[in-house]
Amino acid sequence: MDSQNDGEINSIGNNSLRDTCTGPRNNKNDDPSAMVTPWNVEGQVDYDRLIKEFGTQPINAEIMEQFKKLTGEVHPLLKLHYFFSHRDLDFILHKIENGEKIYLYTGRGPSGMVHMGHLMPWMFTKYLQDKFGSKLLFQITDDEKFLSSPDRTNEEIKRFTYENILDIISMGFDPNNTKIIVDTVHIKHIYPIALEIAKRITFSTSKAVFGFSGSTNIGMIGFPPIQAAPCFMPSIIEGRPTPVLIPAAIDQDPYWRITRDVAERMGYYKPAQIHSKFLPSLNATGGKMSSSKPETAVFTTDEPEVIEKKVLGAYTGGQATVALQRLYGGNALGCPVFWYLRYFFDDQKKSDERFVRCISGDLLCGECKSDLAEESKSFITTLKMRREKAKDSIQEYMYENEPLE
Ligand code: TYM
């Protein structure tokens with residue numbers, strides 16, 4: 001096996017427009033209330049600090065060069081540092097360079113409808129699948145979402161599972177190379193591996209990694225091996241150690257830490273990760289766009305008038321009055337509308353111009369909001385048509401073609 005170290009950390013590279021916009025919009029990087037867990041993102045996330053705290057690696061010029069060698073280009077989400085951190089991505093890219101097949105693995109916890117933030121890692125996963133011809137496992141952790149909220153019922157989660165699958169299929173993943181695993185449906189394929197993982201993780205490790213306490217229900221405490229299991233399923237399917245790359249936002253990283261810890265002891269490669277930032281909340285309360293806080297997010301099922309209302313009512317980095325905005329300029333770096341446009345819709349040149357016009361007071365928030373509302377409405381309208389079509393191909397995408405019911 002090539003070496004897979006959880007080694008030294010370098011500082012993040014060429015990141016001139018640094019995204020710190022997920023929380024109280026003061027552009028300071030020392031928010032003591034900031035928190036990133038798989039179930040909650042609060043406050044102003046300092047992504048450089050996360051790299052250090054989580055012990056991951058920044059995506060640097062060398063990695064971008066490796067990508068360029070393999071794909072002939074650097075994807076805009078890499079150039080913009082939306083995907084900003086990784087573990088063992090260099091190892092995965094070497095494997096691809098040597099002609100070895102890798103698997104992709106990503107997922108969704110069906111706690112509500114899908115919003116545009118969720119689509120970011122999925123669109124990038126689809127790009128990687130197209131470029132590298134990779135097989136993809138897509139896990140739906142309906143069990144996790146049942147356990148993680150006292151109020152959610154199984155019926156609700158079943159409905160969200162179905163609706164979320166339509167979004168996943170509408171991303172256009174290759175049906176011959178993509179399998180969706182719904183935990184409660186496909187548990188027999190997951191459980192034997194999850195047991196092997198569970199046996200190797202102590203409660204104190206899991207408490208330290210996930211912050212579990214005496215009041216956490218025991219279902220949650222037992223859940224992490226279920227999300228870890230698909231990291232090793234490709235090796236079992238292929239009958240030999242198979243490298244796996246996980247594209248996801250950085251909130252999922254605790255799962256991969258415990259998985260990497262046991263991988264080599266179980267005879268598998270450590271799963272590699274490429275971590276993204278978060279699409280910020282549209283709301284002044286900060287944090288990430290979240291399906292359990294509908295006012296913070298644009299959903300793939302929102303009607304045009306709802307999108308318009310959410311976007312026009314969004315928090316911005318603008319001054320209190322037009323006169324002040326003209327005088328002092330806006331705070332683009334603290335503005336969710338700016339980041340949303342930059343990551344989703346603007347190309348880099350347009351976004352850089354928007355930035356300069358904003359901070360110089362030439363641009364008012366109304367123009368940015370109107371651009372974002374128009375772009376979002378048109379994007380969601382197209383996606384809705386694809387969701388409709390997806391209804392006919394659910395079974396084709398399911399693991400072992402097993403029906404959802
Ligand atoms: P979930 O449903 O919370 O999120 C699904 C994916 O979306 C990412 N994400 C975001 N990305 C950008 N901006 C946001 N505002 C935002 N909110 C969420 C998440 O990082 C994730 O990639 N436990 C998981 C489900 C899961 C999974 C996986 C995710 C199972 N296996 C493997 C990633 C990879 C969950 O509840 O994700």
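Which atom of the ligand is 3.1 Å from an N or O atom in the side chain of Gln252? In this predicted model, that atom is a nitrogen. The pair is a polar contact (N or O atoms within 3.5 Å; within protein, one must be able to donate a hydrogen and the other to accept it, and residues adjacent in sequence count only if both atoms are side-chain atoms). For the predicted model, local features need pLDDT of at least 70 and side-chain atom pairs count only at pLDDT 80 or more, while totals for chains, interfaces and linings use all residues. Residues are numbered from 1 along each chain as its sequence is written, and side-chain values use heavy atoms, with hydrogens and water left out.

An oxygen atom of the ligand lies 3.4 Å from an N or O atom in the Lys145 side chain. A ligand nitrogen is 2.9 Å from a polar backbone atom of Met289. Around the ligand there are 26 residues, each with a heavy atom within 4 Å of it. Arg108, Glu144, Gln227, Asp251 and Leu279 come nearest.

The largest pocket was then examined. A pocket is an open set of points on a 1 Å grid over the protein atoms alone, where a 1.4 Å probe fits, with protein on both sides within 12 Å along at least five of seven lines; lining residues have an atom within 4 Å of a point. The volume is about 930 Å³, taken as the space filled by probe spheres set on the points, which are joined across faces, edges and corners. The lining has 45 residues. Pro38, Lys145, Asp251, Gln252 and Lys288 lie nearest the pocket centre. Elements giving two or more residues to this lining are strand 2 (40-42), strand 5 (103-108), helix 5 (116-132), helix 6 (142-148) and strand 8 (244-249). Helices (H or I, at least four residues) and strands (E, at least two) are DSSP runs, numbered from the N terminus. By class, 17 lining residues are nonpolar, 20 polar and eight charged. Asp, Glu, Lys and Arg count as charged; Ala, Val, Leu, Ile, Met, Phe, Trp, Tyr, Cys and Pro as nonpolar; and the others, Gly among them, as polar.

Ser290 is found in the loop between strand 9 and helix 14 (304-312). Ser290 counts as buried because its relative accessibility is 10%. The classes are buried (under 20% relative accessible area), exposed (over 50%) and partly exposed (in between), with a 1.4 Å probe and protein chains only. Beyond neighbours within four places in sequence, Ser290 is in contact (heavy atoms within 4.5 Å) with His115, Thr296, Ala297 and Phe299.

Helix 4 (residues 89-97) has Leu89, Phe91, Ile92, Leu93, Lys95 and Ile96 as its buried residues. Their cover includes helix 2 (61-71), strand 4, helix 5, strand 8 and strand 9. Just after helix 4, Gly99 takes a positive phi of about 85°.

Positive phi values also occur in residues other than glycine. His81 has phi near 60°. His81 sits in the loop between helix 3 (76-79) and strand 4 (83-87) and, at 5% relative accessibility, counts as buried. Glu400 has phi near 55°. Glu400 follows helix 19 (394-397) and counts as exposed, at 51%.

Glu264 lies in the loop between helix 13 (253-263) and strand 9 (272-276). Relative accessibility is 41%, so Glu264 counts as partly exposed. Glu264 touches Gln4 and Lys270, leaving out residues up to four places away in sequence. Glu264 and Gln4 are 260 residues apart in sequence, yet 9.7 Å apart in space, C-alpha to C-alpha.
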